Amino acid sequence: MTAFATPPISPLRISFDPATATIEPTGPILTRRMSDLEGLFADQTEWRRSASGDDPVVYTVTSSPVPELDRELPQSITTILPGDCGGEFHMTKGHQHPDPQGEIYLGLTGVGGLLLFDGERTEWIDMAPGVIGYIPPHWAHRSVNVGDEPYRFLAVYPGRAGHDYQWVLDHGMGARALRSPNGYELAPYESA
Ligand code: S6P
Ligand code: ZN
């Protein structure tokens with residue numbers, strides 16, 4: 001791709017409301033329901049029951065208007081609603097960047113975890129408002145809401161990083177975040 005195969009976008013002012021963790025203007029908005037998370041939760045019987053029943057929204061991703069293009073720096077706010085599937089906390093699908101580049105997350109509301117897996121090593125970063133989690137290149141990443149209110153975070157990532165979801169289906173994420181008497185516990189990964 002040449003440097004500017006598509007015209008670069010103009011400088012942009014985006015307003016952010018800390019009380020609601022919303023941005024204006026917005027770009028694409030994505031909604032992931034339970035039925036969109038096939039093959040990810042360990043308890044497939046419970047997943048099927050939920051996905052074919054009320055099929056709750058698990059998370060939404062609101063992007064800024066900055067496009068996912070080479071040299072651009074898109075941002076998005078992910079909101080993971082509280083809840084679990086068979087005791088496994090609500091989470092994002094998780095992905096690798098096919099073009100291995102780093103990314104940062106900034107916690108905005110609620111409490112969550114940033115689960116990272118490079119194929120061998122697993123890391124967990126406790127996320128809360130004001131915490132920046134750094135995702136190095138080559139680490140698959142998934143976010144989990146381990147609290148009882150919406151967990152929201154801002155992501156900033158290179159525009160050509162991309163999303164490889166199949167990698168996570170093939171390799172897992174090294175661990176699962178399960179409800180426990182003290183909040184959450186990390187259990188060794190077992191395929192769904
Ligand atoms: C993009 C960044 C986030 C996630 C979002 C949803 O690189 O990591 O915006 O896309 O949190 O997660 P997922 O795994 O469904 O894309
Ligand atoms: Zn990413």
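This is a predicted model: local features need pLDDT of at least 70, side-chain atom pairs count only at pLDDT 80 or more; totals for chains, interfaces and linings use all residues.
A hairpin links strand 14 to strand 15 through two residues. Elsewhere, six strands build an open sheet whose pairing is antiparallel, and a zinc ion (ligand 2) is held by residues including H95 and H141. The notes below take these parts in turn, then move on to rings and charges.

**The hairpin**

- Strand 14 covers residues 175–180 and strand 15 covers residues 183–188; the two pair in the antiparallel sense over six bridges.
- To find your place in this pairing, look for L178, which stands opposite E185 in strand 15.

**The six-stranded sheet**

- Reading across the open sheet, the strands come in the order 3-4-5-13-8-11, with antiparallel pairing.
- Which strands stand at the edges? They are strand 3 (29–33) and strand 11 (132–135); each has a single partner strand, so one side of each is left without a neighbour in the sheet.
- On average, neighbouring strands of this sheet are turned by 20° against each other, direction ignored.
- In general, the strands of a sheet pair through backbone hydrogen bonds, in either a parallel or an antiparallel manner.

**Walking through the sheet, strand by strand**

- Strand 4 (residues 57–63) pairs with strand 5 in the antiparallel sense, over five bridges. Here V61 stands opposite T78 in strand 5.
- Strand 5 (residues 75–80) is mostly covered, with five of its six residues buried.
- Strand 5 also runs antiparallel to strand 13, and six bridges join the two.
- Y105 has A155 as its bridge partner in strand 13.

**The zinc site**

- Which residues coordinate the zinc ion (ligand 2)? They are H95, H97 and H141, each through NE2, together with E103 through OE, at 2.1 to 2.2 Å.
- Along the chain, the donors of the zinc ion (ligand 2) follow the spacing H-x1-H-x5-E-x37-H.
- H95 lies in the loop between strand 7 (88–89) and strand 8, while H141 lies in strand 12 (residues 140–145), so this pair ties together parts that are 46 residues apart in sequence.
- Why is the arrangement octahedral? The six donor atoms around the zinc ion (ligand 2) subtend angles of 70 to 171°, which makes it so.
- For comparison, the ideal angles for six octahedral donors at a metal are 90 or 180 degrees.
- Are H95 and H141 buried or exposed? H95 counts as buried at 10% relative accessibility, and H141 is buried too, with a relative accessible area of 1%.

**Aromatic pairs**

- How many aromatic pairs does a search of the whole structure find? There are four.
- F117 and W167 form a tilted pair, 6.0 Å centre to centre and with 55° between the planes. This pair links distant parts of the chain: F117 is in strand 9 (residues 112–117) and W167 is in helix 2 (residues 166–171), 50 residues apart. Both F117 and W167 are buried.
- W124 and Y184 have ring centres 5.1 Å apart and planes at 35°, so this pair is tilted. W124 belongs to strand 10 (residues 122–127) and Y184 to strand 15, so to speak two distant parts of the chain, 60 residues apart.
- W124 is buried, with a relative accessible area of 16%, whereas Y184, at 26% relative accessibility, counts as partly exposed.
- Ring pairs also link Y105, Y151 and F153 into a cluster.

**Charges over a ring**

- Y165 has R32 lying over its face, at 5.7 Å from the ring centre.
- K93 lies over the face of Y165 as well, at 4.5 Å from the ring centre.

- E88 has its place in strand 7. E88 is buried, with a relative accessible area of 2%.
- How far apart are E88 and V131? They are 43 residues apart in sequence and 23 Å apart in space, C-alpha to C-alpha.

Terms used. Residues are numbered from 1 along each chain as its sequence is written. Chains are lettered from A and ligands numbered from 1 in the order in which they are written. Side-chain values use heavy atoms; hydrogens and water are left out. Two strands pair if DSSP finds at least two bridges between them. Helices (H or I, at least four residues) and strands (E, at least two) are DSSP runs, numbered from the N terminus. Axes are lines fitted to C-alpha atoms, for helices over the stretch in contact, and angles run from 0 to 180 degrees between N-to-C directions. Donors are N, O and S atoms within 2.8 Å of the metal (3.2 Å for Na, K and Ca); water is not among the atoms, so sites may look incomplete. Four donors count as tetrahedral if all angles lie between 85 and 135 degrees; four count as square planar and six as octahedral if opposite donors are over 155 degrees apart and all others between 65 and 115; anything else is irregular. Buried means under 20% relative accessible area, exposed over 50%, partly exposed in between (1.4 Å probe, protein chains only). Rings of Phe, Tyr and Trp (its six-membered ring) pair if their centres lie within 6.5 Å; planes under 30 degrees apart count as stacked, over 60 as edge-to-face and the rest as tilted. A charge sits over a ring if NZ of Lys or CZ of Arg is within 6 Å of the ring centre and within 35 degrees of the ring normal.
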